[in-house]
Every structure is written in C-alpha cells, then in structure tokens.
Amino acid sequence: MASTSPPQRPSQPHGQRPRILVTRKLPDAVEARITRDYDATLNPADSVFDADRLVRESAGHDGILVCSTEKLPAAIIEKLPPEVKIVATFSVGHDHIDLAAAKARRLAVTNTPDVLTDATADITFLLLLAAARRAYEGERTIREDRWGRWEPTGMLGVHVTGKRLAILGMGRIGRAVAQRARGFEMEIHYNNRSRLAPELEQGAIYHEDPEELLSVADFLSINCPSSKETYHFLNADRIARLPDGAVVVNTARGNIVHDESLIAALTSGKLAAAGLDVFENEPNIHPGYRDLPNCFLLPHIGSATLETRHAMGFRALDNLDAFFAGKESRDRLA
Ligand code: DGY
C-alpha cells in the first residue's frame, strides 16, 4: 500500500511527480490514489483510445496505465515517445502488449496477477452451471411469459455433480476453478505447460497431451493464456475429440477458440452447450453466437466486482510506485 505522503522518486527531477496517462475510467478509489501520488491525465469520459491517440497522448508522460482494450503491438511500442518508460496494464492478461518489442525498447511492463483469480473462477463456474442447466433459455421463458406449466421432461440440462472437468491451463485461475469443482465432486483433469507439484495438483489428473485431455472432458474450461501456441486451439478437429454432449466454458481469451467451429458444434448438437465470457474481436463478436439458445454469453466480466477492480487498480499502482522508486516490481513482465 502506498503511504499518504508519497516517497521521493529518485528517477524524477526534485519535487516533480511522475506523469501518468490513464487510458480508461477506473474506479473512484483507484483514481483518487493516482491523482494523490502522480501527475495524472485521466479519461473521465472513458472515450476510446485508438493507436494514434495512444501514441499522441503519451507525449509528456513517464508511464501509461492501460487496459486490455489498448493494443500495444511492436509497431505502436516503437512509436511511443522516449519519455514513456513503463506500461502498467490493469489486467492479468498481457497478450495485447508485445513484450519482446517492449524489452527491445527498454520499456518496463507490469500486469495485475492474483487479485482477479477468485472473481474469474467464480464467473467460470457461473458459466459452467448456466450453460449446463440451460439458464438462458429458462430466464427467457419467464421474461417472455411463455412458462405454461412444470414439465417432468422439460428443460432437461446436463448434470454437473460428479462429472469430469478438463481444465486447459492450470495456472492460478485454473487451480481456483479446480477448487470450486471439488465442491461439486467433479473428477479434475488438466493440461499445463508442466505438471504441477502434488500439493498444487491436489489429486487432479495430468495430461501431457492437450488433445488427450479433450477426450475425457464432460466439461472443458479454458484457462490458459492467449499466445501463438494457443491461437484457435479449439478448432473443428479438436472439438471432434470432445465427448458428444460436452460443455465448453471460456473465461481466458476469445482467440483460443475458432468461433465458426464452436458455433457449428453447438448447432449440430455435437456439444450440448457453451458458456463464454470472452470473444475474438470483442465487442464485435461472431453474430452466430447470438442465435444459439445453448450458448450462455457474458460481456467479458470475469473480473468485474468492485473489490476486484479496486485490487487490480491498486496492484497496477503498486507496480508504478515500485518502478518510480527504483525498486523491483513483483509483476514485472518486461
Ligand atoms: C484480464 O485481467 O486479463 C481480464 O481479462 C481483463 O482484461
């Protein structure tokens, strides 16, 4: 936590506070700490920063605080004014920032891990249950006043308790999803870049080959980072490996899924249902999802609780504080 009187930052001329460009409207408590400790340019209207604006408005700032909505590929990083020394992202995901280009330009990059783990795992379970138990169709039936009577064979969903849950990516969020799944007596299988130590695995079954993992997935939860390796991982061939009637949940990044293949599998009945919080090219999602009654859709709200958004903002500020105090940040990516 920052003290009420900010420490003198050695990298700044005496008496000057670091200048920070904040690209999005952040929760009030976070902005209060930013303006207390920094010479901050805020975005109260939350207006969109395209690449040109990001480069232009970065001028005169020592650092920028961005979200996953602002893309920083190599071409943009190279255009950033030389006075910009750090990009602190208000996100755990950092696929919107080219870390190699940042390292080459000696631009520090930090993210906000840990603090959104529980909120994201909670949303994963909300999607899993909602998709399996046809929550969207049920909700709509009531709101559209189409609920005639209780039916012994109506609205039959997929049973969750005791089923096999396959987790693709057993990092912090994947492990928090597994923890919740234990409460549902699910059999937990996972794939990860490397096998976890037994105390982290807690009985979960490791599959070195992600395709082998798919073959046991009554439920598949995607929790791995977006990368060149995971781009469109869930394509038609891999969906074919899932058991018939499986349920897919994604709270990681949309581009891990090949939309047309998933939509085809939900339409044909190969998959029973899906629950999605993230989409390729969001918010301009593939229109095919909107017509699918067996797809439960959320607008990327995995970390959207006030507590979590405060914690993300404070963590991003801890990272800026450490950087400008000349200290090592625990969340330094580049
Ligand atoms: C994250 O932190 O990566 C969330 O998806 C919000 O961008």
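How far does a polar side-chain atom of His300 lie from an oxygen atom of the ligand? The legends below concern a predicted model, in which local features need pLDDT of at least 70 and side-chain atom pairs count only at pLDDT 80 or more, while totals for chains, interfaces and linings use all residues. Residues are numbered from 1 along each chain as its sequence is written, and side-chain values use heavy atoms, with hydrogens and water left out.

View 1. The distance from a polar side-chain atom of His300 to a ligand oxygen atom is 2.7 Å. For a polar side-chain atom of Arg253, the distance to an oxygen atom of the ligand is 2.8 Å. Gly93 places a backbone N or O atom 2.9 Å from a ligand oxygen atom. Of the 230 Å² of accessible area (Shrake-Rupley method, 1.4 Å probe) that the ligand has on its own, the protein covers 86%.

View 2. Ser68, Ser91, Val92, Gly93, Leu116, Arg253, His300 and Met312 surround the ligand. The shell comprises 3 nonpolar, 4 polar and 1 charged residues, with Gly counted as polar.

**View 3. The open sheet of 7 strands (DSSP runs of at least two E residues).** The strand order is β8-β7-β6-β9-β10-β11-β12, with parallel pairing (at least two DSSP bridges between two strands). The edge strands, β8 (205–206) and β12 (295–297), each pair on one side only.

**View 4. Strands β6 and β7.** Parallel strands β6 (residues 164–168) and β7 (residues 187–191) are joined by 5 bridges. Ala166 has His189 in β7 as its bridge partner.

Terms used
A residue is near a molecule or strand if one of its heavy atoms lies within 4 Å of it. A polar contact is a pair of N or O atoms within 3.5 Å; within protein, one must be able to donate a hydrogen and the other to accept it, and residues adjacent in sequence count only if both atoms are side-chain atoms. Helices (H or I, at least four residues) and strands (E, at least two) are DSSP runs, numbered from the N terminus.
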